[in-house]
Amino acid sequence: MAGPTLVIDLAGPPSSTRSNEFDALIRGLSTHFERTRRGYFDVGVPVERLSIKARRTLDPGETDDRPFLVHLMGPGFGDESLFEAEHADEAVIEAALGFKPTHAVNVGAGCNQDIDHVATALLTAAIIDVLGGVVKAELPAGQERVIAGLPGVLGLVDDGYPTVLGTAAFLRAWVERLGFRLLK
């Protein structure tokens, strides 16, 4: 992916009901939708559906679609080896989370414009609303000041790079802050 990526850590596999709700959420937000396997989506999401005002005037019928790869990984969903590799050396993060993740959702934008950073955060928040979990966001330099005091911050850890752990409310509050930016 060419743009920012956020990771949602889950304490267990989503139930079939939550998994179906996740599928319905992604399908409902998307104008372009490809599901290559259970929990793996290549989608185009119009920013308006994420409650973001388009940055340019659109022609009638045109959408400001942003490309995303969204994939649930872990036992029973695929990408088990990728999940294990991404979570192999995260003892500090696991201690702050209070659980060892068994599954995760990666939300990766296909572009890297400012709007893609906002869209990634808000799409991730919508997914957390459905699946639960904790977002894990590596912070660019200086962002510790930007997130200070925001609701939904569950922890800030430094395991070689500063990482904030938070809720959907945190993501929604963070995008409203001047200087908001995800690490690419």
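Q: How many helices and strands are there in the chain?
A: There are 6 helices and 8 strands in the chain, where helices (H or I, at least four residues) and strands (E, at least two) are DSSP runs numbered from the N terminus. Read from the N terminus on, the elements follow the order β-α-β-β-β-α-α-β-α-β-α-β-β-α. The model is predicted, so local features need pLDDT of at least 70 and side-chain atom pairs count only at pLDDT 80 or more, while totals for chains, interfaces and linings use all residues. Residues are numbered from 1 along each chain as its sequence is written, and side-chain values use heavy atoms, with hydrogens and water left out.

Q: What makes the radius of gyration of the chain agree with that of a compact globule?
A: The radius of gyration is taken over C-alpha atoms, and the globule rule is 2.2 Å times the number of residues to the power 0.38. For 184 residues a compact globule would have a value near 16 Å, and the chain has 16 Å, so the two agree. The C-alpha trace spans about 50 × 40 × 25 Å along its principal axes.

Q: Why is the pair of phenylalanine 22 and phenylalanine 41 called edge-to-face?
A: A pair of aromatic rings is described by the distance of the centres and the angle of the planes. Rings of Phe, Tyr and Trp (its six-membered ring) pair if their centres lie within 6.5 Å, and planes under 30 degrees apart count as stacked, over 60 as edge-to-face and the rest as tilted. By this rule the count comes to 4 aromatic pairs. In the pair of phenylalanine 22 and phenylalanine 41 the centres are 5.4 Å apart and the planes stand at 80°, so the pair is edge-to-face.

Q: Why does this pair tie together parts that are 19 residues apart in sequence?
A: Phenylalanine 22 lies in helix 1 (residues 16-29) and phenylalanine 41 lies in strand 3 (residues 40-46), so the pair ties together parts that are 19 residues apart in sequence.

Q: What makes the pair of phenylalanine 33 and phenylalanine 41 tilted?
A: The rings of phenylalanine 33 and phenylalanine 41 are 5.4 Å apart, centre to centre, with 45° between the planes, and the pair is tilted. Ring pairs link Phe22, Phe33 and Phe41 into a cluster.

Q: Is phenylalanine 22 buried or exposed, and what does phenylalanine 33 count as?
A: Buried means under 20% relative accessible area, exposed over 50%, and partly exposed in between (1.4 Å probe, protein chains only). Phenylalanine 22 has 0% relative accessibility and therefore counts as buried, and phenylalanine 41, at 0%, counts as buried too. Phenylalanine 33 has 21% relative accessibility, so it counts as partly exposed. Of the 184 residues of the chain, 48% count as buried.

Q: Why does histidine 103 count as buried, and which residues is it in contact with?
A: Histidine 103 is found in strand 5 (residues 103-109), and its relative accessibility is 3%, so it counts as buried. Contact means heavy atoms within 4.5 Å, and, leaving aside neighbours within four places in sequence, histidine 103 is in contact with residues including Ile8, Asp9, Leu10, Met73 and Phe83. The C-alpha atoms of histidine 103 and glycine 78, which are 25 residues apart along the chain, are separated by 9.9 Å.

Q: How do you know that asparagine 106 is buried?
A: Asparagine 106 is found in strand 5, and with 7% relative accessibility it counts as buried. Leaving aside neighbours within four places in sequence, asparagine 106 is in contact with Leu6, Val7, Leu69, Val70, His71, Met73 and Glu86.

Q: Why does aspartate 23 count as buried?
A: Aspartate 23 has its place in helix 1, and because its relative accessibility is 12%, it counts as buried. Apart from neighbours within four places in sequence, aspartate 23 is in contact with Arg35 and Phe41.

Q: What makes threonine 124 buried?
A: Threonine 124 is found in helix 4 (residues 114-131), and its relative accessible area is 0%, so threonine 124 is buried. Leaving aside neighbours within four places in sequence, threonine 124 is in contact with Leu6, Ile8, Val107, Val135 and Leu171.
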